[in-house]
Amino acid sequence: MCGIVGVTGNDNAVKILLNGLEKLEYRGYDSAGIYVNDQKGQDYLVKTKGRISELRSKVTPDVHGSTGIGHTRWATHGVVSVANAHPHFSNDDRFYLVHNGVIDNFQELKAKYLSDVPFRSQTDTEVVVQLIDKFAIEDNLDAKAAFLKTLSLLKGSSYAFLMMDREQPDTLFVAKNKSPLLIGVGDGFNVVCSDALAMLKETHNFLELMDGEVVTITPDKVAIQDADGNAVERKPFHVDMNADETDKGTYPFYMLKEVDEQPNVMRKLAQTYLSEHGEPQIDDKLIAAMEAADRLYIVGAGTSYHAGLVGKRLFENLAHIPTEVHVSSEFAYEQPMLSKKPFFIFLTQSGETADSREVLVNVNDAGYPSLTITNVQNSTLSREATYTLLLHAGPEIAVASTKAYTAQIALEAILAKALGEATGQIVAQNFNIRQQLGLVATGMQAIVDEKDTLEQLSNDYLMKSNKAFYIGRGIDHAVSLEAALKLKEISYVQAEGFASGELKHGTIALIEKGTPVIGFITQAKTAGLTRSNLQETMARGAKTLTIVRESLAIEGDNLILPDVDEMLMPLLSVVPAQLLAYYTSLNKGLDVDKPRNLAKSVTVE
Ligand code: F6R
């Protein structure tokens with residue numbers, strides 16, 4: 001869960017590396033470093049604890065070069081320190097290496113081959129670079145052969161490496177297994193990156209790499225070799241994204257920008273997946289594969305799992321197909337009994353989450369059909385599933401997911417409508433998805449325009465408490481889980497999302513004078529019950545706040561949401577919760593976009 005960049009053949013290497021690392025900070029931000037070489041015998045290594053801004057301040061004007069590698073780290077092996085920051089280098093200063101992922105057998109390799117080698121860091125990466133050096137010297141191998149020999153010894157669930165050799169200073173050596181890594185093709189130069197976002201200022205043409213391949217990159221050549229040593233020809237694909245989309249413009253934080261973008265994301269999804277008359281435009285083969293299934297299994301982690309909980313209701317109501325939702329890290333190792341004809345839906349904003357990918361690997365081994373719903377074109381889970389639907393939400397940079405969650409739900413609704421129509425469900429036929437998404441977009445706009453009210457509510461309810469509850473029933477409960485996660489991850493308030501009727505079975509003991517309890521009331525069937533449950537907490541001193549659908553509102557409710565179809569109310573009710581979390585984090589002076597201990601793309605299991 002780190003970010004990797006590289007460049008060869010460009011005199012602006014330092015600038016390209018630093019700009020690229022800044023774009024990859026979402027992948028990790030506890031330490032960072034670059035190594036550059038100017039091809040004339042000068043090279044520089046700069047490493048630091050902290051963010052890329054710290055690294056920038058340490059890169060003095062004399063640091064220059066045309067080939068280099070860089071890394072932003074999210075610690076897995078070893079504490080956060082300069083010594084553990086990448087690039088790591090061999091003791092004779094010949095090889096420099098950056099790495100994303102985990103090498104499971106690094107201790108064994110260290111004991112077996114490197115017992116006489118002094119180490120500077122506690123990382124698995126340093127073991128790899130020292131091994132490369134050892135094989136180069138002892139077996140008289142060139143850099144690529146030593147790299148290949150080392151790779152053949154590694155055991156790791158996922159990794160990506162980018163290496164330089166001072167004896168071939170214009171060459172980058174690349175290898176990956178499961179971890180994302182792309183090569184960007186420039187005019188007279190080439191780049192490497194964990195995510196195309198990092199290099200959009202340099203190129204829009206990227207080559208994807210397959211597991212097991214080793215690539216040698218010079219300024220004018222990208223030589224790909226497969227696991228059997230054969231040369232591979234591959235055409236670049238075009239990334240159709242504007243570099244400006246990755247900037248936050250005048251917004252103080254990406255999260256606020258991304259919350260504000262949600263109405264447009266709804267419109268974009270309607271434009272992409274619905275005809276003018278509102279008919280879903282989804283690949284017939286995908287619908288046929290889903291129709292053939294006797295049960296849907298939605299798999300995801302964190303926010304994506306929460307979007308799956310809402311999806312269950314959509315698929316069961318609109319398409320009448322039994323649907324289960326699973327946390328990927330659990331499913332991967334405790335697979336439940338499956339139905340006879342399962343169909344898997346992977347929800348993943350990044351398309352790279354290792355836990356979800358582990359499930360997909362098993363699903364593919366078993367030969368079951370699958371769909372990945374993701375925001376990232378060509379991501380690992382997208383490539384490896386049978387079908388892909390893209391969220392078209394634009395890059396989501398803030399660690400706390402917002403627009404990807406609502407995009408996932410909206411796309412699930414479109415898909416459920418398409419499936420329900422295919423199977424002749426009356427509910428689906430009567431569900432005017434185009435009109436509903438239009439209402440949702442307008443409703444979202446009305447909520448994001450109420451920022452002052454939400455900041456005030458955050459002040460009144462959340463700023464002074466170190467705990468909070470979000471409660472609701474049915475899909476209101478599903479939104480409670482997401483609301484609590486948002487508050488926890490960026491404001492560090494201990495928050496619980498709870499099924500409101502379940503509180504009285506134990507957890508209500510935690511309610512004391514002033515505990516904030518926020519109730520979602522958007523479903524007619526359960527509105528009265530949730531209100532009673534809120535009363536029960538008030539009787540124990542809770543400070544309650546209601547987020548209520550207009551047609552269910554009564555006097556005294558705090559936040560009134562515009563009415564849309566009940567099944568789509570989560571698309572609106574989550575927005576105030578996103579903003580409550582945002583303002584609580586902001587007014588506590590925290591880094592909203594980069595909360596502690598977290599990174600955006602979780603590529604370790
Ligand atoms: C929370 C958040 C995470 C992700 C989770 C899965 O705001 O973003 O909970 O949802 O790490 O990531 P993806 O969706 O990329 O698989």
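Colleague: Where does the numbering start, and what pLDDT do local features need?
Modeller: Residues count from 1 along each chain as its sequence is written, and side-chain values use heavy atoms, with hydrogens and water left out. As this is a predicted model, totals for chains, interfaces and linings use all residues, side-chain atom pairs count only at pLDDT 80 or more, and local features need pLDDT of at least 70.

Colleague: How many helices and strands does the chain have?
Modeller: Both are DSSP runs numbered from the N terminus, with helices (H or I) of at least four residues and strands (E) of at least two. On that basis the secondary structure comes to 19 helices and 25 strands.

Colleague: What is the radius of gyration of the chain, and what would a compact globule have?
Modeller: The radius is taken over C-alpha atoms, and the globule rule is 2.2 Å times the number of residues to the power 0.38. The C-alpha trace spans about 80 × 50 × 45 Å along its principal axes. For 605 residues the rule gives a radius near 25 Å, and the chain agrees, at 25 Å.

Colleague: What share of the residues is buried?
Modeller: Buried means under 20% relative accessible area, exposed means over 50%, and partly exposed is in between (1.4 Å probe, protein chains only). Of the 605 residues in the chain, the buried ones make up 60%.

Colleague: Among contacts between residues at least 6 apart in sequence, what share joins residues at least 24 apart?
Modeller: A contact means heavy atoms within 4.5 Å. Counted that way, the share is 71%.

Colleague: Is the F253 and Y582 pair stacked or edge-to-face?
Modeller: Rings of Phe, Tyr and Trp (its six-membered ring) pair if their centres lie within 6.5 Å; planes under 30 degrees apart count as stacked, over 60 as edge-to-face and the rest as tilted. The whole structure holds 13 aromatic pairs. In this one the ring centres are 6.4 Å apart and the planes stand at 75 degrees, so F253 and Y582 are edge-to-face.

Colleague: How many residues apart in sequence are the parts that this pair ties together?
Modeller: Both F253 and Y582 are buried. F253 sits in the loop between β15 (237–238) and α6 (254–260), while Y582 belongs to helix α19 (residues 569–587), so the parts tied together are 329 residues apart.

Colleague: Which strands does the pair of Y470 and F520 link?
Modeller: Y470 and F520 are stacked, 5.8 Å centre to centre with 15 degrees between the planes. Both Y470 and F520 are buried. They are 50 residues apart, and the strands are β21 (residues 467–472) for Y470 and β23 (residues 516–521) for F520.

Colleague: Is H320 buried or exposed?
Modeller: H320 is found in the loop between α9 (302–319) and β17 (323–327). Its phi is positive, about 60 degrees, although H320 is not a glycine. With a relative accessible area of 59%, H320 is exposed.

Colleague: And is H326 buried or exposed?
Modeller: H326 is found in strand β17. Leaving aside neighbours within four places in sequence, its contacts include Y297, F331 and P336. The relative accessible area of H326 is 17%, so H326 is buried.
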